[in-house]
Amino acid sequence: MASFSVSSSLFSSPSNHFCKRNSRISSNGTVPWFSSNSSFKPSRIAPISASMATGVKEVLPPALTSTSEPPPIFDGTTRLYISYTCPYAQRAWIARNCKGLQDVIKLVPINLQDRPAWYKEKVYPPNKVPSLEHNNEVKGESMDLIKYIDSNFNGPSLSPDDPAKKEFAEELFSYMDSFNKALVFLFKGEENEAGAVLDFIETSLTKFEDGPFFLGQFSLVDIAYAPFIERFQPALLEVRNYDITAGKPNLAAWIEEMNKIEAYNQTQQDPKEYVESYKRIFLGQR
C-alpha cells in the first residue's frame with residue numbers, strides 16, 4: 001500500500017492505529033533514531049548533497065483539525081498534505097526535504113483522528129495522506145508522489161541513471177509489501193519469513209560498491225524503506241528483544257548513514273511513540 005487510509009490489512013493500518021497520536025517533532029527539528037551498538041564502520045561513504053546534509057530548519061505548523069479553516073485551495077501554491085506520524089506520508093515529506101523544497105512545497109499537516117471535512121470534500125476524495133496539490137491537481141499514493149516530486153521539481157536527483165540500478169530499484173520497490181508483512185508477523189510473535197527478508201535487505205545493500213545505500217548512492221529506495229525500518233527497529237527491540245541489525249553490518253551502516261541526513265532527521269518522531277503505536281495496532285495493548 002502506498003498511502004494511509006482505513007484498511008484491515010496488517011501493514012497498511014487504519015488511521016486510528018498508525019496515526020493515533022499527533023505527536024510533534026522536538027523544538028530543534030530532530031529526534032534521534034534508535035542506533036545499533038555495532039562497531040562496524042562503513043568503508044563506502046556516498047557523498048550527500050549539502051541540501052540533504054544540512055536541510056532547511058523550518059517551524060512545523062500545527063496539524064489541522066475539524067475546526068480548522070481550509071487553505072486557499074488551487075491558488076497556485078503547491079501543498080503537501082501529510083500526517084506527522086504516518087509512515088507513508090513521511091516518504092513524501094522526506095523526498096520534499098531532500099530536494100530542498102521547503103520553500104516551494106508548503107507542508108499542510110492533517111490530524112487524522114479529527115480530520116477536517118473539507119479535506120475529503122475539496123482536496124482529496126480518497127481522504128488519505130499523503131497528497132500533493134500541484135498545478136491545480138491533487139495527486140496521491142506515496143510511491144507515486146516521491147517519484148513525481150523527484151521528476152517535477154528542481155533539486156538533487158533521487159533516481160539513478162544507471163539501467164542496472166533502475167532495474168534493481170523497481171525490484172526493491174516491489175519487495176516493500178513482503179518486507180512489511182514479514183516484520184509485522186515477527187512483531188506479533190508468529191512464524192514468518194523475517195529472517196530471510198532481512199537477509200535479502202542485507203545482501204541488497206552490497207549490490208553496488210559506490211556507497212552504503214541501496215543503490216550505492218542515496219535514492220528514492222532509501223526514502224521508501226526508511227519510515228518502516230525507523231519504526232520496526234525500536235518496536236521489535238523492545239517487544240521481542242529482536243535486533244534487526246544483529247549480524248547485519250550493512251543494515252547497521254545504512255541506518256548510521258541515513259541518520260546523517262538532516263533533511264530526513266527533521267521528519268522523525270520519538271521512537272517511544274512508534275513502540276506504543278505498534279503495541280496498540282498489532283498486540284491490542286492500550
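Colleague: Which residue lies over the face of Phe168?

Modeller: This is a predicted model. The ring centre of Phe168 is at 5.1 Å from the residue in question. A charge counts as sitting over a ring if it is within 6 Å of the centre and within 35 degrees of the ring normal. The residue is Lys207.

Colleague: Over which ring does the charged end of Lys165 sit?

Modeller: The distance from the charged end of Lys165 to the ring centre is 5.3 Å. The ring belongs to Phe208.

Colleague: Is strand β1 largely enclosed or open?

Modeller: Strand β1 covers residues 78-82. Thr78, Leu80 and Ile82 point one way, Arg79 and Tyr81 the other way, and all are buried. In a regular strand the side chains alternate between the two faces of the sheet. Because five of the five residues are buried, β1 is largely enclosed.

Colleague: Which residue of β2 is the bridge partner of Tyr81?

Modeller: Strands β1 and β2 (residues 105-109) run parallel and are joined by five bridges. With helix α2 (residues 87-98), the two strands make a right-handed β-α-β unit. The partner of Tyr81 in β2 is Val108.

Colleague: Which residue in β3 stands opposite Leu80?

Modeller: Strand β3 (residues 131-134) runs antiparallel to β1, and three bridges join them. Opposite Leu80 stands Leu132.

Colleague: What is omega of the cis peptide bond that joins Val129 and Pro130?

Modeller: Most peptide bonds are trans. Pro130 is found in the loop between α3 (117-123) and β3. For the cis bond joining Val129 and Pro130, omega is about 5°.

Colleague: Is Asn135 buried or exposed?

Modeller: Asn135 is found in the loop between β3 and β4 (137-140), and its phi is near 55°, a positive value. Exposed means over 50% relative accessible area. Asn135 has 58%, so this residue is exposed.

Colleague: What is the arrangement of the rings of Tyr88 and Phe228?

Modeller: The whole structure holds 15 aromatic pairs. In the pair of Tyr88 and Phe228, the centres are 5.2 Å apart, with 70° between the planes. The pair links helix α2 to helix α8 (residues 220-239), with the two residues 140 residues apart. Planes over 60 degrees apart count as edge-to-face, and the arrangement of Tyr88 and Phe228 is edge-to-face.

Colleague: What is the relative accessible area of Tyr225?

Modeller: Tyr225 belongs to an aromatic cluster that includes Phe179 and Trp254. Phe179 is buried, with a relative accessible area of 1%. Tyr225 is buried too, and its value is 0%.

Note on methods: Residues are numbered from 1 along each chain as its sequence is written. This is a predicted model: local features need pLDDT of at least 70, side-chain atom pairs count only at pLDDT 80 or more; totals for chains, interfaces and linings use all residues. Side-chain values use heavy atoms; hydrogens and water are left out. Buried means under 20% relative accessible area, exposed over 50%, partly exposed in between (1.4 Å probe, protein chains only). Helices (H or I, at least four residues) and strands (E, at least two) are DSSP runs, numbered from the N terminus. Two strands pair if DSSP finds at least two bridges between them. A crossover is right-handed if, with the strands pointing away from the viewer, the path from the first strand over the helix to the second runs clockwise. Rings of Phe, Tyr and Trp (its six-membered ring) pair if their centres lie within 6.5 Å; planes under 30 degrees apart count as stacked, over 60 as edge-to-face and the rest as tilted.
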